[in-house]
There are 2 protein chains.
Amino acid sequence: MRIVKSFIEVSADSHFSFQNLPYGIFKPSESAAPRVGVAIGDLVLDLSVLVDNGFFNGPLLNHTTVFHQDALNAFMALGRSAWTEARSTLKRLLAVDVPDLRDNTTVRNAAFHPQSQCTMLLPVRIGDYTDFYASKEHATNVGIMFRGKENALMPNWTHLPVGYHGRASSVVVSGTNLHRPQGQTKADDEAAPSFTPCRQLDFELEMGAIIGTGNKLGQPITIQNAKEHIFGLVLLNDWSARDIQKWEYVPLGPFLAKNFGTTISAWVVTLDALEPFAVPAPTQDPTPLPYLRETGNNTYDINLSVAIKSKDMDAPQVVSNTNLKYMYWTLTQQLAHHTISGCNMNTGDLLGTGTISGPTEDSYGSMLELAWKGTKPVSIGKEERKFILDGDTVVIKGVCKGDGYNVGFGDNVGTILPIVPINFN
Amino acid sequence: MRIVKSFIEVSADSHFSFQNLPYGIFKPSESAAPRVGVAIGDLVLDLSVLVDNGFFNGPLLNHTTVFHQDALNAFMALGRSAWTEARSTLKRLLAVDVPDLRDNTTVRNAAFHPQSQCTMLLPVRIGDYTDFYASKEHATNVGIMFRGKENALMPNWTHLPVGYHGRASSVVVSGTNLHRPQGQTKADDEAAPSFTPCRQLDFELEMGAIIGTGNKLGQPITIQNAKEHIFGLVLLNDWSARDIQKWEYVPLGPFLAKNFGTTISAWVVTLDALEPFAVPAPTQDPTPLPYLRETGNNTYDINLSVAIKSKDMDAPQVVSNTNLKYMYWTLTQQLAHHTISGCNMNTGDLLGTGTISGPTEDSYGSMLELAWKGTKPVSIGKEERKFILDGDTVVIKGVCKGDGYNVGFGDNVGTILPIVPINFN
């Protein structure tokens, strides 16, 4: 295959190669209306400007209004054929040997903005947010800590992707700072709970699948069709208040421990861009029930890392390196399982993978595991951490390494601010 | 206080007295656009027609577009002062001694529709749906069945309203039939799970609070302000697949067992209409933490019932009578707790109470309890039930009994259809 390049220069270490072309929602200036953009190199390409100038001329997107909106939902709802048309249009327009956009200085000046000058917004209007628990290493680690080695994995774990419903309203875009939550906590040696700031604030390194097209209530998405319904992936930080969670979660699961904020990356990387990095999922034993059986390369080789920067540090220090490919249950299995009850998906729904931990101690996806319940503090620069402190910034990165290029997600960044004092009068 | 009557005749047993005036979304004919209506007697009053004819002339709702929409959200988002203005406008326009609407035959003919000829739609575009577990009787019953008398209530239960996030996409309006779900189930004596139709399908008698106005992320709604944020209540049936739930729910809570469908009533009864029926909540011991403390009449005396009709029966037979007032944690405590982490509410969010069981065996709010885990089948006509069978219709009613009038919710109705066979190819 002939390698086509873009007329836009992309440095070798950029996440946003010509092979990537992730979608996001941005404002080129404070007063501008939100619109759909695509990242390439250090730039954002404004798709609304391309439409306004007649550059989208395929059958589905000619004169479309979907790129003039404040969320990707309308575009995604058009379905896979429109996603394909958009990508091939962009691939053509950005190619080094196609003059249409390359040589049109007026449109180029209007359509390309430096990323550093753009404000990124939440890319998707999220209907429902679901979080899974699909990493065997993570579930085993947590199980060992809380129930001992013998009962680490619950009996259902190897038969189905355990999941639970999360809170959609508090999903925020990368760069949004969050206040430390408060709530009921109870130490083992206390008789009654107290109202306190969270003292065990954690991140969870996850990825999230964005549902492009849904299904009707009562009509499950089969595993064979699951990939067709997924538009793309984001990086996800499922912030967790471990001490609040410990007291509240029996018997109905995590609630306030998780709903004070969940951070997703500003850029949605499409499955089309990830396809060259598709790899087989881990072998599953026992073989799942037929509705969860799939063949082929059903997960992706995406290098993931977490770094922490305290307010006194100059740069974040990496505390974990892991990979999506370690995850036991695939994204398609998660989607097929989620709808097998008849549950309906809508465009814009978000499916988190759950914490992605790898096999080694430096590949765990949460502070709970990295510092092993506070018993092995983690070094960051001259400091050490058992959990996340006020002023700490957590940076998650995800990138696929191609031959001379990257397909990456940019950064998923969030800083924890002190509690907001509550006036009870 | 002078008793004002309406010029619309309302029978003594109607749920929709002049004192009620609940809001819903309806279509007067198949081809008509959805709009906001108010139930009175056997009629629906079309608020879009009233606006079009200049009958809403208060400062906030003059020429409003919020009644020409397919959900109550835009109206609710205007806030309590607009709710008050709408109610007082309607009270005046419908009063027997006010001629404006009464004597305007043209507008009356256009604005009133027989309920029997209207199609009711989901009243609210639901952002997030949360379900609580706030009835002490229900939590105790379930606890006894699954963990024995000694450990019936978990240690956290009397300290906080236990809740979990539910699935918003599958909330449907009364009258929507649902297919029996399928999924993984495992009997205690089986080594591995199987894929089966649900064999223990249940209802849960609940009420739901509709959030009228929300809060910003990080800024909790205090219990003193909680009532101001609640627009009104609905009847809610939280359909549950007990066998699926049993296998899947440890450790992260119910998931597929609940997300195949949740039915709410078509009419939202406002807190203003319920205020005459406000009563004190049960005494709470231990005294809750300060953020959950409240004084006054914080719950409502709402008579609730569940009836079942098999496909061979002529009329539903009541299997339970209970009351919202039995519920241990109030709606305002649920809302204050939900946001104490900083979690943000949006207009249209739904907070289910959890199953409302009373103190006696004929006041339990689920088949699980009424038939005590299948050991005491419940009679309905010539048949008996341990759980819900295909073709069964479940009818939930809720009504406040005033002096010569009712403030009621109408029916919450759903019929269970057979499974949809799934083609795995």
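Salt bridges first. Searching the whole structure gives 38 salt bridges over all chains. By salt bridge I mean a side-chain nitrogen of Lys or Arg within 4 Å of a carboxyl oxygen of Asp or Glu. Keep in mind that this is a predicted model, where local features need pLDDT of at least 70 and side-chain atom pairs count only at pLDDT 80 or more, while totals for chains, interfaces and linings use all residues. Residues are numbered from 1 along each chain as its sequence is written, chains are lettered from A and ligands numbered from 1 in the order in which they are written, and side-chain values use heavy atoms, with hydrogens and water left out.

Some examples. In chain A, Glu383(A) and Arg385(A) join their side chains in a salt bridge, 2.9 Å from N to O. How accessible are the two partners? For this I use relative accessible area: buried is under 20%, exposed is over 50%, and partly exposed is in between (1.4 Å probe, protein chains only). Glu383(A) has 24% relative accessibility, so it counts as partly exposed. Arg385(A) has 5%, so it counts as buried.

Now chain B. Arg92(B) and Asp100(B) form a salt bridge at 3.3 Å, N to O. Arg92(B) is partly exposed at 39%. Asp100(B) is partly exposed too, at 34%.

Next, Asp103(B) and Arg102(B). Their closest N and O atoms are 2.9 Å apart, in a salt bridge. Asp103(B) is at 49% relative accessibility, partly exposed. Arg102(B) is at 27%, again partly exposed.

On to the interface. In total, 61 residues of chain B contact 61 residues of chain A, contact being heavy atoms within 4.5 Å. The area buried between the two chains is about 5,800 Å², with carbon and sulfur atoms giving 65% of it. That area is the accessible area (1.4 Å probe) that two parts lose on being put together, summed over both.

How many salt bridges lie between chain B and chain A? Four. One of them pairs Asp349(B) with Arg167(A), at 2.7 Å from N to O.

Which elements of chain B supply at least two residues each to the side that touches chain A? They are strands E6 (129-132), E7 (163-165), E10 (182-185) and E11 (194-197), plus helices H8 (242-248) and H10 (331-339). E7(B) gives the most, with three residues. These elements are DSSP runs, numbered from the N terminus: helices are H or I with at least four residues, strands are E with at least two.

Now the sheets. Strands count as paired if DSSP finds at least two bridges between them. In chain A, five strands make an open antiparallel sheet, in the order E4-E3-E2-E1-E5. E4 (112-114) and E5 (119-121) of chain A are the edge strands, each pairing on one side only. Inside that sheet, E1 (residues 23-27) and E2 (residues 35-40) of chain A pair antiparallel over four bridges. Tyr23(A) has Val38(A) as its bridge partner in E2(A).

Chain B, strand E2, residues 35-40. Six of its six residues are buried, so E2(B) is largely enclosed by the rest of the structure. What covers which face? Arg35(B), Gly37(B) and Ala39(B) are buried on one side, and Val36(B), Val38(B) and Ile40(B) are buried on the other. In a regular strand, side chains alternate between the two faces of the sheet.

E2(B) has antiparallel partners. E1 (residues 23-27) of chain B pairs with E2(B) over four bridges, and Tyr23(B) stands opposite Val38(B). E3 (residues 43-46) of chain B pairs with E2(B), also over four bridges. There, Ile40(B) stands opposite Leu43(B). The hairpin of E2(B) and E3(B) has two residues between the strands, and Gly41(B) takes a positive phi near 60°.

Last, a mixed sheet in chain B. Five strands form an open sheet, in the order E9-E26-E25-E20-E21. Its edges are E9 (178-179) and E21 (317-323) of chain B. E9(B) runs parallel to E26 (residues 406-417) of chain B, joined by two bridges. His179(B) stands opposite Leu417(B) in E26(B).
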